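Here is a briefing on one structure. Read it with the sequence and the model side by side.

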2 protein chains.
Amino acid sequence: MDPVIVLVRPQLGQNIGRAARAMLNFGLTEMRLVTPRDGWPNPDAGPSASGADVVLEQAKLFATVAEAIADCRHVFASTVRRRDLVMPVLGPEQMAEQIRASAGRSAILFGAERSGLETEEVALANAIVTVPINPEFGSLNLAQAVILLAYEWSRRAGLAQPPAKELESPAPHAEVEGLIGQLDAELEQKGYFHPPSRTQSTRNTIRTIFTKTGWSSREVKAVRGIIRALVDPPRRRG
Amino acid sequence: MDPVIVLVRPQLGQNIGRAARAMLNFGLTEMRLVTPRDGWPNPDAGPSASGADVVLEQAKLFATVAEAIADCRHVFASTVRRRDLVMPVLGPEQMAEQIRASAGRSAILFGAERSGLETEEVALANAIVTVPINPEFGSLNLAQAVILLAYEWSRRAGLAQPPAKELESPAPHAEVEGLIGQLDAELEQKGYFHPPSRTQSTRNTIRTIFTKTGWSSREVKAVRGIIRALVDPPRRRG
């Protein structure tokens, strides 16, 4: 079940819009807002949502974090700051796995842009989720934190399967042999294999070079056409 | 080795700054810019980098994508649009694994905010990398695309995998370009690019065919010798 994204005391409508866009990028649509600084709805949110208006329109407003997560069985608090709380700290991947494995609704809490979540709010969660970032440069903005966790969720959820390879399969060996044979004959013509003592090793080199390409049948044909063009006298083609 | 982030024709300085911040969040520091719309340096970049100024200060400016990736052995083009290019399409995870496994420098190309990468620019890459997003809502902004791929890289980089044993590492991109340039010139000579309407797609096909080979510097040299031999009149050689 897709997790709910809970923005706690978000300051800028712009960032609420960006978060909505980040959510929808990875198929998340349920946003909950806890006392946004400038109230709700916020005219600044729409433009920066770049089309993710559906998320904003359905966003629900709450007075406290406790109310916002009342129906959630698993709650994760996104934070980078150290807390003197004894609770599990997970990476995004582990969080996604736990959401996946758990029955019922999950929620991910994100704090205000500057201040983040209050310790009391973090304490409401079952676990802390922390995106491992550069220790010398530890600042993720709200929308970035949302998109990274949404991305991590979506790959677990199956949305993020790598796209089908558009690669053509390599040509059968015989076709590569045909290409090498053609090339060999043309080079023989040109007196390329010289001196005779080097001929065999030169042929071996050519074979390895053209065998390793992984060219498809189409590509082998194209290269054979290129070789023909190169040895033809000008203009004969086209 | 950490990948280079190449922003191609970025429009807003703000987005360059956000991309820099996203990079540094996950330990990436080498940014390259190809003809940013508003020139470089751009006063709007600093503020939105939120402290990632070191990335902006070290950013290098280039006139073309080819120059920006000249020293890179593995190039990935970040794009969501379908292309009529036959090249591998990877997810972020696969990309990170390939960067990890490969010797030498890698680069990830990001296109302009609105228009993205030109097909000719994508054709310069060894593979397309696509973040699998919600098919009904397919819009990632520049900084978000950068942070997702940087995040994916950083999680791989954490795992201490030994670099793959490559007998010879692939030639730097500039050497492959040299080969393609030579071939292109010779084929032009022969009137191979005909009719004119098909010329560009034919050039793209040739580029993808020779970019995917993974040929080493030595092999590129050998193939260039072969091309010379094919166009030379008989006997001239040896």
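B:Thr35 sits in the loop between strand 2 and helix 2 of chain B. Helices (H or I, at least four residues) and strands (E, at least two) are DSSP runs, numbered from the N terminus. This is a predicted model, in which local features need pLDDT of at least 70, side-chain atom pairs count only at pLDDT 80 or more, and totals for chains, interfaces and linings use all residues. Residues are numbered from 1 along each chain as its sequence is written, chains are lettered from A and ligands numbered from 1 in the order in which they are written, and side-chain values use heavy atoms, with hydrogens and water left out.

**Backbone of chain B**

- Most residues other than glycine have a negative phi, and most peptide bonds are trans.
- B:Thr35 is not a glycine, yet its phi is positive, at about 35°.
- B:Thr35 is partly exposed, with a relative accessible area of 37%. Here buried means under 20% relative accessible area, exposed means over 50%, and partly exposed is in between (1.4 Å probe, protein chains only).
- B:Ser50 also has a positive phi, about 45°, although it is not a glycine. This residue lies in the loop between helix 2 and helix 3 (53–58) of chain B.
- B:Ser50 counts as partly exposed, at 36% relative accessibility.
- The peptide bond from B:Trp40 to B:Pro41 is cis, with omega near 0°. B:Pro41 belongs to the loop between strand 2 (31–34) and helix 2 (45–49) of chain B.
- A cis peptide bond also runs from B:His194 to B:Pro195, with omega near 0°. B:Pro195 is in the loop between helix 8 (173–189) and helix 9 of chain B.

- B:Leu33 is part of strand 2 of chain B. Its relative accessible area is 0%, so B:Leu33 is buried.
- B:Leu33 and B:Thr64 are 31 residues apart along the chain, and their C-alpha atoms are separated by 9.2 Å.
- B:Arg156 lies in helix 7 (residues 142–158) of chain B. At a relative accessible area of 9%, B:Arg156 is buried.
- From B:Arg156 to B:Glu97 is 59 residues in sequence but 6.7 Å in space, C-alpha to C-alpha.

**Aromatic rings**

- Over all chains, the structure holds 10 aromatic pairs. Rings of Phe, Tyr and Trp (its six-membered ring) pair if their centres lie within 6.5 Å; planes under 30 degrees apart count as stacked, over 60 as edge-to-face and the rest as tilted.
- Why is the pair of A:Tyr192 and A:Phe193 edge-to-face? Their planes stand at 75°, with the ring centres 5.6 Å apart.
- A:Tyr192 is buried, with a relative accessible area of 15%. A:Phe193 is buried too, at 8%.
- A:Trp215 and B:Phe210 form an edge-to-face pair, 5.7 Å centre to centre, with 75° between the planes.
- That pair crosses between chains. A:Trp215 is in the loop between helix 9 (196–211) and helix 10 of chain A, while B:Phe210 is in helix 9 (residues 196–211) of chain B.
- Both A:Trp215 and B:Phe210 are buried.
- A:Phe26, A:Tyr151, B:Phe26 and B:Tyr151 are linked into a cluster by ring pairs.

**Charges over rings**

- The charged end of A:Arg203 sits over the ring of A:Phe193, 4.2 Å from its centre. This label applies if NZ of Lys or CZ of Arg is within 6 Å of the ring centre and within 35 degrees of the ring normal.
- In chain B, the charged end of B:Arg203 sits over the ring of B:Phe193, 4.2 Å from its centre.

**Domains**

- Chain A is divided into domain 1 (4–154) and domain 2 (173–231). Such bounds come from an automatic or database domain assignment.
- The C-alpha centres of domain 1 and domain 2 of chain A lie 59 Å apart.

**Cavities**

- The structure holds three cavities of 30 Å³ or more. On a 1 Å grid over the protein atoms alone, a cavity is a set of points where a 1.4 Å probe fits but cannot get out, and lining residues have an atom within 4 Å of a point.
- The largest cavity has a volume of about 100 Å³. A volume is the space filled by probe spheres set on the points, and grid points are joined across faces, edges and corners.
- Lining residues of the largest cavity include A:Leu183, A:Phe210, B:Leu183 and B:Phe210.
- Helix 10 (217–231) of chain A and helix 10 (217–231) of chain B each supply at least two residues of that lining.

Conventions
1 Å grid on protein atoms, 1.4 Å probe; cavity = no way out; pocket = protein on both sides within 12 Å on 5 of 7 lines; lining within 4 Å.
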